[in-house]
Number of protein chains: 2
Amino acid sequence: MKFEATTIKDIAKALGLSTSTVSRALRDSYEISEETKKLVLECAEKLNYRPNPIALSLKERRSRSIGVVVCEIANNFFSQIINGIESVAYERGYNVIIAQSHESYEREIMDLQFLASRSVDGLLISVSTETNDTAHLKSLHDRGLPIVFFDRILEGLETHSVGVDNFKGAYEATEHLIKSGYKRIACLTNSEYLSISNERLTGYKEALLSYKMNVKENYIQHCFYGGMIFSEVEEAVNKLFTQKQKPDAIFTTSDKLTTGCLKTLHRRGLKVPADIALVGFSNSDIAELLHPALTVVRQPAYEMGRAATELLLQQIESKRPIKQFEKRVLLPELTIRHSSTPKIS
Amino acid sequence: MKFEATTIKDIAKALGLSTSTVSRALRDSYEISEETKKLVLECAEKLNYRPNPIALSLKERRSRSIGVVVCEIANNFFSQIINGIESVAYERGYNVIIAQSHESYEREIMDLQFLASRSVDGLLISVSTETNDTAHLKSLHDRGLPIVFFDRILEGLETHSVGVDNFKGAYEATEHLIKSGYKRIACLTNSEYLSISNERLTGYKEALLSYKMNVKENYIQHCFYGGMIFSEVEEAVNKLFTQKQKPDAIFTTSDKLTTGCLKTLHRRGLKVPADIALVGFSNSDIAELLHPALTVVRQPAYEMGRAATELLLQQIESKRPIKQFEKRVLLPELTIRHSSTPKIS
DNA sequence: TTTATTTACGCAATCGTTGCCGATAACGTG
DNA sequence: CACGTTATCGGCAACGATTGCGTAAATAAA
């Protein structure tokens, strides 16, 4: 099964011209007479000619495609990010090739191999939870592949990056719980490898300290796979309830952790917020429909995707290597709903 | 900024061989001595050689990439589908290029242009809600581009297709409402252009008729943009409540319609299911956490994506044009939760 | 020893496009 | 008339990899 498209040769043959002339006529070169140009253009139209991007890629050594690596597509936050990425890429005539790491370092390396071998012009990546070194990225980057980090950012590689103010998001969420009267606030967070985990965790801790509350390590649970595996979340939540002093609120630091946590609380028959309050990072657009309506920290995912892609394309299309790298930080937004209703005590 | 990869020429030069010999050695041709092969292989390893897929594409007239057109990525159902698509494509060494139609016919045509010009080897498409003819697809299909429909299937084009038994899903959902004691069951559905809408609507109607209940046209509301635009859903729901006989249950036929409907009911201050029951198609994985826990018809989205991609790749890689087309129909699953609790009357 | 066969490799064309150079004709200039 | 200029166009090579064909050398067969 082949798909035969008309080439510049077909036009040349039809008009008795050379391919060079046709090529130039199509690119509106000054060397070609208006008459010939018109002929060529008409013929191209008639034969429905489309330049072959593959041939162009080969010649120009660029593919006009960018690679995107995320842990999962089926995740509100990332699908919204991809939406933003796709919108800019589309505007600028670029393909988006998507790969999922499924939170596996090994798979991430395979993804990069794959994307590099497909000659992507640039890379947008939110690293997997297992990733704690930059070796695999560095080798590509050193060979000249533009890379932009988004969401999960790795130190040790000089590139652009786009994220949110994780500290602020976490601080405000925790502060909100404190101000709502909660005294024993636990935190469910991702792998310690991830920059975002640590920033959010720090925000949580700082908020507690600001209000003269203790940071209890027992109240901090790490879920290595960040909610991708439900049983892990369930176990972490259960651990929180083995404490002598049971927490009266939980702050969760990612989308799947938040929903996973809520699910576990439901299964344990706990009432939110009566028995325990819940505030979490989430980009679900039905947070208000949850039981109870969820207080969430929402990230501007679409804008993050757009910003990251703009930075990447700017770098790809830059004539000179870029030395000055930008770290763009957007603001998360706290939306207060019922899951953190002020405590009655 | 360029990304220089090692080519077959570099190996040839390094070893004092011709490119043909290197090429053949790498492909383990019988014409090359074991000795030379070993040299070449070692050198390729050392220089970290990766064949340039663009050059291969140009020569073999295939790009090893497939195009996917959906209305929206940021939608549970479609992101799960894409997950399935990506999994098969990755296994088989294909790229996935994603385009969104945003439910616009015009945008869909542009997407197809774009994908065709990027020389995709095949196309997976769930048409936009505005699409009601096959002209744009037919011209590509006639020129030999393999196409597989999924979810939303268009008549008038002989291709493979993958969907669910929409009739059954809708029938069972409606039947469940009937058996739960609901008497005035309304239906919120998508554009009449879409095959899935009609099949689901028919399932709804047939269920009513089977139980000797009237089909009231006033109880059927079409949302042209299928929930993509919230205000449309809100308006449709509000219309249902202007009836003299207000409905006591709503059946919604797609993911965003279901959540949009629930959101509207919340805003109107209606209790579900006490004031009105709700059952809908949805692939949200937090349906059980909604208020109330939602009774849903869930489609095996991941499997649909996998099946569609397998059919497409089979067609792409087939030597002879395929004459016999398959319509693969998977089974949706009804999960009963609280939003359709038996009526107390 | 001569001829046939095998082994192992190189040359060149090809995919579609463009850049560089060269060619040709018409025309103007001194 | 000789030469330079300009306008228009064609030929060739190259991007990276594959492949049909040709061929030299080595080996086997006659």
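Q: Start with a strand. In E9(A), which residue is the bridge partner of Ala249(A)?
A: The partner is Ala277(A). Bear in mind that this is a predicted model.

Q: OK. Which strands does that bridge belong to, and how many bridges join them?
A: Strand E8 (residues 249–252) of chain A and strand E9 (residues 277–281) of chain A are joined by four bridges. The two strands run parallel.

Q: And the whole sheet in chain A: what is the strand order?
A: The order is E7-E6-E8-E9-E10-E12. This is an open sheet of six strands, and the pairing is mixed.

Q: Which strands are at the edges?
A: Strand E7 (220–222) and strand E12 (333–335) of chain A. Each of them pairs on one side only.

Q: How much twist?
A: An average of 15 degrees from one strand to the next.

Q: Which strands does helix H9 of chain A touch?
A: Helix H9 (residues 195–210) of chain A packs on the sheet and touches strand E6 (185–189), E7, E8 and E9 of chain A. The direction of H9 makes about 175 degrees with that of E6(A).

Q: What about H11 of chain A, which strands does that one lie across?
A: Helix H11 (residues 255–267) of chain A lies across E6, E8 and E9 of chain A. H11 runs at about 160 degrees to E9(A).

Q: Switching to the other chain. What is the strand order in chain B?
A: Chain B has an open sheet of six strands, ordered E7-E6-E8-E9-E10-E12, with mixed pairing. Strand E7 (220–222) and strand E12 (333–335) of chain B stand at the edges. Each has a single partner strand, so one side of each is left without a neighbour in the sheet.

Q: Which residue stands opposite Leu188(B) in E8(B)?
A: Thr252(B). Strand E6 (residues 185–189) of chain B and strand E8 (residues 249–252) of chain B pair in the parallel sense, over four bridges.

Q: So what rotation superposes chain A on chain B?
A: A rotation of 180 degrees, with 0.0 Å of shift along its axis. The RMSD is 0.1 Å. That is the relation of a two-fold axis.

Q: Why do the copies meet through the same surface?
A: Because 100% of the interface residues of chain A are also interface residues in chain B.

Q: Which residues make the contact?
A: From H1(A), Ile8(A), Lys9(A), Ile11(A) and Ala12(A). From H2(A), Thr19(A), Val22(A), Ser23(A) and Leu26(A). The contact residues divide into five nonpolar, two polar and one charged.

Q: What domains are assigned in chain A?
A: Domain 1 (8–51), domain 2 (63–163 + 301–330) and domain 3 (166–299 + 334–340). The centres of domain 1 and domain 3 of chain A are separated by 64 Å, taken over C-alpha atoms.

Q: Last topic, the backbone. Is the peptide bond from His291(A) to Pro292(A) cis or trans?
A: The bond is cis, with omega near 0 degrees. Pro292(A) is in the loop between E9 and strand E10 (295–298) of chain A. In chain B, the bond from His291(B) to Pro292(B) is cis, with omega near -5 degrees.

Q: Where does Glu103(B) lie?
A: In the loop between strand E2 (95–100) and helix H6 (105–117) of chain B. Glu103(B) has a positive phi of about 60 degrees although it is not a glycine. Most residues other than glycine have a negative phi.

Definitions and conventions:
Residues are numbered from 1 along each chain as its sequence is written. Chains are lettered from A and ligands numbered from 1 in the order in which they are written. This is a predicted model: local features need pLDDT of at least 70, side-chain atom pairs count only at pLDDT 80 or more; totals for chains, interfaces and linings use all residues. Side-chain values use heavy atoms; hydrogens and water are left out. Contact means heavy atoms within 4.5 Å. Ala, Val, Leu, Ile, Met, Phe, Trp, Tyr, Cys and Pro count as nonpolar, Asp, Glu, Lys and Arg as charged, and the others, Gly among them, as polar. Two strands pair if DSSP finds at least two bridges between them. Axes are lines fitted to C-alpha atoms, for helices over the stretch in contact, and angles run from 0 to 180 degrees between N-to-C directions. Copies are superposed by least squares on the C-alpha atoms of residues with pLDDT of at least 70 in both. Domain bounds come from an automatic or database domain assignment.
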